[in-house]
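Dear colleague,

I am handing over the structure below, and after it I set out what was found when going through it. Please read the notes with the coordinates open beside them.

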Amino acid sequence: MKRPILFILGVALVAGIVHVAAMRALPDIVMSRVMSKIGTDTKNAFVSPPLATAAARTIVRPSPDLAYSTCVLDLSKGPVRVTVPLTAPYTSVALYSARTDNYFVRKDRDAAGKDLDIIVVGPGAPSPANVPSGVDVVTAPTARGLVLVRRVVESPEAFPALDAIRHKATCAPYKG
């Protein structure tokens, strides 16, 4: 009778260890793959691909009525300043850690008519000196991460003007 109980306990222990290991490793693996696909060696600079089609899969299940821009953050050498012109009818800016955690979101509706202008610092890093007035400082939980900007494209005719605005966004090391 002892033998089956020990076997079941052993299997449960191994299953528990595998489960915990998978849950700890999976976010890192997923985000590392996403950042390598999106970034293609480009760090701290926005990449703004054309509108998604049925064949596009850089972003999981991309919407054809959204224009995406991404920036792979590398905060290991210091803070990064992110500026994004917000456009109607909808713009969303989200920051993700290297473990897939969403730690910052700003939408055009929350911005009171102001464009997004933030300085992102790495974990444990001090707030930079000489932060310009009106610029928020956001502390990232990891030294690597991702900025994802989504904009609604109302029509194919509206895309060229929107595309010109989204290319004005910056994601660059802050030299404050």
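Ala67 counts as buried because its relative accessibility is 2%, which is under the 20% that sets the limit for a buried residue. Please keep in mind that this is a predicted model, and that the remarks here describe the model as computed. Ala67 belongs to strand 2, and, leaving aside residues up to four places away in sequence, it touches Leu51, Val149, Arg150, Arg151, Val153, Phe159, Leu162 and Arg166. Ser48 is 19 residues from Ala67 in sequence, and the C-alpha atoms of the two are 7.9 Å apart in space.

As to the individual pairings, strand 1 and strand 2 run antiparallel and are joined by 2 bridges, with Cys71 in strand 2 as the bridge partner of Phe46. Between strand 2 and strand 8 there are 9 bridges, again in the antiparallel sense, and in this pair Val72 stands opposite Leu146 of strand 8. Strand 4, residues 91-97, pairs with strand 5 over 5 bridges, also antiparallel, and here Ser92 has Lys107 of strand 5 opposite.

A second residue that may be worth a look is Thr87, which sits in the loop between strand 3 (80-84) and strand 4. Is Thr87 buried or exposed? Its relative accessibility is 8%, and Thr87 therefore counts as buried. The side chain of Thr87 makes a polar contact with the side chain of Arg151, at 3.0 Å. Not counting residues up to four places away in sequence, Thr87 touches Asp108, Arg151, Leu162 and Ile165; Arg151 and Leu162 are also among the residues that Ala67 touches.

Finally, some totals for the chain. The chain has 2 helices and 9 strands, which follow one another along the sequence in the pattern α-β-β-β-β-β-β-β-β-α-β. Of its 176 residues, 36% are buried, and the chain exposes about 10300 Å², with carbon and sulfur atoms supplying 62% of that area. Among contacts with a separation of 6 or more, 67% are between residues 24 or more positions apart.

With kind regards

Key. Residues numbered from 1 in each chain as written. Predicted model: local features only at pLDDT ≥ 70, side-chain atom pairs only at ≥ 80, totals over all residues. Heavy atoms only, no water. Helix = DSSP H or I, 4+ residues; strand = E, 2+ residues; numbered from the N terminus. Buried < 20%, exposed > 50% of the residue type's maximum accessible area, 1.4 Å probe, protein only. Contact = heavy atoms within 4.5 Å. Areas by Shrake-Rupley, 256 points an atom, 1.4 Å probe, with all protein chains shown as cover. Pairing = 2+ DSSP bridges. Polar contact = N/O pair within 3.5 Å; in protein donor to acceptor, adjacent residues only side chain to side chain.
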